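Subject: Structure handover

Hello,

Here is the structure I promised to pass on. Please open it alongside this email; my notes follow below.

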Amino acid sequence: GRLEASLKRGEEYQVLSYSKSGEFPAAPLIFAGYGLKAPAVDKLAAFDSYKDLDVSGKWVVVLDYLPGQLDKEMKQHLLSYSRAQHKVTVAKNNKAAGVIFVTDMGLKDLKFEGSLSESTLPVIKISTKVFNKLLEKSDGNYKSYTKLEKDFDTLKANTGFVLNSQYLAAKIDLLHNKSIGRNIIGKLMPKTMVKTPKRKPTKAILIGAHGDHLGRGEVGGSSLARSHEKNNIHYGADDNASGVAGVLELAHYFSSTKNLENLKKPIYFAVWSGEEIGVLGSNYFAKSWKTEYKTDFSASFEASLNMDMIGRLRDKLQIQGIGSAKEWSGLSEEVGLISGVPLALTSDPYLPTDAMSFYLAEVPSI
């Protein structure tokens, strides 16, 4: 289009490790701010970088990480939606052709920045200088990256725009070194089902948490360590030793003689591998179910309860994804009334955690 350029890898652009490989024909470019989509919660408004944008069949150009001028509450709210992998999932759900991150970080070498359970989009990052050239040639309101970044950083602007007559084609080849992750799964069966195994099966409940964490932050792209914190241990008590402890407590509770006697349906207890690098373990479990048991995952499971970052209960308990089934809302109100625990409910089922693996497999998940 308006800018003829063959970019130099390691200087002007770099491929991300969770990109799809293949040849991608020239497609238009559209800028979508920070590429964030987060639901309203409590007193905080929803944040939607895709408002009024049609990104279908286009490369989505997004700024990395989060706007810098957010208050503490909003920053905390948007943090989990700011992971690059989640931004790619949001772009995919909006039918984008590919994703381009604008950043000057990590352009030199291709490194493992996490994975996605399904690499379905090409993903690259370009330097701010390259993006500036695109802006200079565009007919939009922004002719310089400095002005654009300032406006989107301070939330003066949040509406994206098409980069008219600008196109990108790509050929990407990635070779992966693979390693093994292990899910740990236990199953409790009601006594009635054990005694009469030929009876019609009852749908099970799935209770899970992810058991992996960031280590020293050297593997996976979701580390938020500042420069002086690099290579230090990323303590995982909240994320996600607390979730694993929750799963173990519930397994202990339901397997007691008294509670097992009253159990009405099967319960699966799971600790998932590979969540931090793209919900790999939970996605594999859902995807391989039909091959293993010759039945759809949604025909075997009624609902999924995911425990990610229970952490320390302060003001209220956050429950996300209640839009995945009509029953969750009333059930949550009932639980709130009985327990006396204040609940903060959000409906968006597209969550940056294992719950999404099961929602995409058509099982209601919170």
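How many bridges join strand S6 to strand S7? Four, and the two strands, residues 98–102 and 123–126, run parallel. Phe101 has Lys125 in S7 as its bridge partner. Please keep in mind that this is a predicted model.

**The sheet**

S6 and S7 belong to an open sheet of six strands. The order is S1-S7-S6-S5-S2-S8, and the pairing is mixed. Strands S1 (13–15) and S8 (161–172) stand at the edges. Each has a single partner strand, so one side of each is left without a neighbour in the sheet. On average, neighbouring strands are turned by 30° against each other, direction ignored.

**Helices on the sheet**

Helix H2 (residues 84–93) lies across S5 (59–63), S6 and S7. Its direction runs at about 140° to S6. Helix H3 (residues 128–137) also packs on the sheet. H3 touches S2 (22–31), S5, S6, S7 and S8, and makes about 135° with the direction of S8.

**Salt bridges**

The whole structure holds 12 salt bridges. Three of them are described here, in turn.

Arg83 and Glu275 meet through their side chains at 4.0 Å, N to O. This pair links distant parts of the chain, 192 residues apart. Arg83 sits in the loop between helix H1 (72–79) and H2. Glu275 sits in the loop between strand S11 (267–272) and helix H8 (280–293). Are these two residues buried or exposed? Both Arg83 and Glu275 are buried.

Asp238 pairs with Arg312, with the closest N and O atoms 2.7 Å apart. Asp238 is partly exposed, at 29% relative accessibility. Arg312 is exposed, with a relative accessible area of 54%.

Glu302 and Lys265 form a salt bridge at 2.7 Å, N to O. Glu302 is in strand S12 and Lys265 in the loop between helix H7 (257–261) and S11, so this pair ties together parts 37 residues apart in sequence. Glu302 counts as partly exposed at 36% relative accessibility. Lys265 is also partly exposed, at 26%.

Which residues do salt bridges with shared partners join into one network? Arg83, Glu275 and Glu276.

Best regards

Notes: Residues numbered from 1 in each chain as written. Predicted model: local features only at pLDDT ≥ 70, side-chain atom pairs only at ≥ 80, totals over all residues. Heavy atoms only, no water. Pairing = 2+ DSSP bridges. Axes fitted to C-alpha atoms, helices over the stretch in contact; angles between N-to-C directions. Contact = heavy atoms within 4.5 Å. Buried < 20%, exposed > 50% of the residue type's maximum accessible area, 1.4 Å probe, protein only.
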